[in-house]
Amino acid sequence: MTEKTTGASYAAAGVDIEAGDRAVELMKEWVKKTQRPEVLGGLGGFAGLFDASALKRYERPLLASATDGVGTKVDIARQLGVYDTIGHDLVAMVMDDIVVCGAEPLFMTDYICVGKVHPERVAAIVKGIAEGCVLAGCALVGGETAEHPGLLGPDDFDVAGAGTGVVEYDRLLGADRIRTGDAVIAMASSGLHSNGYSLVRHVLFDRAGMSLEQEIEELGRTLGEELLEPTKIYSLDCLALTRTAEVHAFSHITGGGLAANLARVIPDHLHAAGGRGAGAPGAIFDLVGKAGQVEQLELEKTLNMGVGMMAVVPAESVDVALTALADRGVDSWVAGEIVERGEHTEGSTLTGSYAS
């Protein structure tokens, strides 16, 4: 008698369509919380729809777009089994890039790649993204969850996102507006944000032998809690600042540190002079430096060192800007000044020690 064989199937190959469908159902309520009046349709279509007629109020609307991920910070979330904060990081990395040019965030899409779909985990990730979108003032109009068995382990995942914003042409911020004598205002970060985690993980785990569950006295909590602190989302704070004070430019302090990112928005003939100002880096930065004997320059070019966003404003707007940010609960201070580039000056010099 011939033994009957079973044909191959998608499920046998490791892809669970039913689990994916359940994940979509679980995330719907969170996505709904992000909706703006311009969004048409609901979750489940092939494309997210945004009513562009809303842009008619602009004389010359410019669309701004950005895409990003959160790097190896996802491995911290995986190890701790905490999935509802990493979405905040994703939104911050995308939308805080968009707001740098003065653009209002409009909508975002996400991409979640997993080794195996665990519906509740995927929904928790989307919950965090949706909450981040609310904080950024944008809609989450769609996304994709992809299951990659054989390429990723059952508990492995990664996230990425893309966003779109809009700014009036004559309100576009950037290097063209910056002038000698402008002040550089630093806005405090909430911690490491979502950059430099390959260095941080190597130093703290591989070299120092620390664990995520370890209580760190200087941090006042476990190492895992510190490393999962969500990236601060500055979008609405920056937009509010542009309505209150004259702003010439913003700089989102991400990979490359303070100097490299600030230099991206400064004209070639100018540079930012000064120290870090009154803001001291948090304890986590000191911990990474000491645990790995990391040179100061390496820390400066890899981590944000306590500054997550910077604004360049006219000197006469400083007091108004600092007050406006304080009113929104944003810790900020003057960190430097825009000056003419000297004969031997290269790039921004706004790095180094902070004033106590």
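## Basis

Local features need pLDDT of at least 70 in this predicted model, side-chain atom pairs count only at pLDDT 80 or more, and totals for chains, interfaces and linings use all residues. Residues are numbered from 1 along each chain as its sequence is written, and side-chain values use heavy atoms, with hydrogens and water left out.

## Helix 3 and helix 4

Helix 3 (residues 86-98) packs with helix 4 (residues 119-136) at an angle of about 40°, the axes being 6 Å apart. Helices here are DSSP runs (H or I, at least four residues), numbered from the N terminus. Axes are lines fitted to C-alpha atoms over the stretch in contact, and angles run from 0 to 180 degrees between N-to-C directions.

The two helices are therefore oblique to each other; angles under 35 degrees count as roughly parallel, over 145 as roughly antiparallel, 65 to 115 as roughly perpendicular and the rest as oblique.

## Glu226

Glu226 lies in helix 6 (residues 223-227). Glu226 is buried, at 9% relative accessible area (buried means under 20%, exposed over 50%, partly exposed in between, with a 1.4 Å probe and protein chains only). Neighbours within four places in sequence aside, Glu226 contacts Leu219, Arg221 and Ile284 (heavy atoms within 4.5 Å).

## Nonpolar cores

A nonpolar core is a set of buried Ala, Val, Leu, Ile, Met, Phe, Trp, Tyr and Cys residues joined through side-chain atoms within 4.5 Å. The largest has 55 residues, of which Phe157, Leu204, Leu223, Leu227 and Ile284 touch the most other members. A second, separate core of 39 residues includes Ala183, Tyr234, Cys238 and Ala249.
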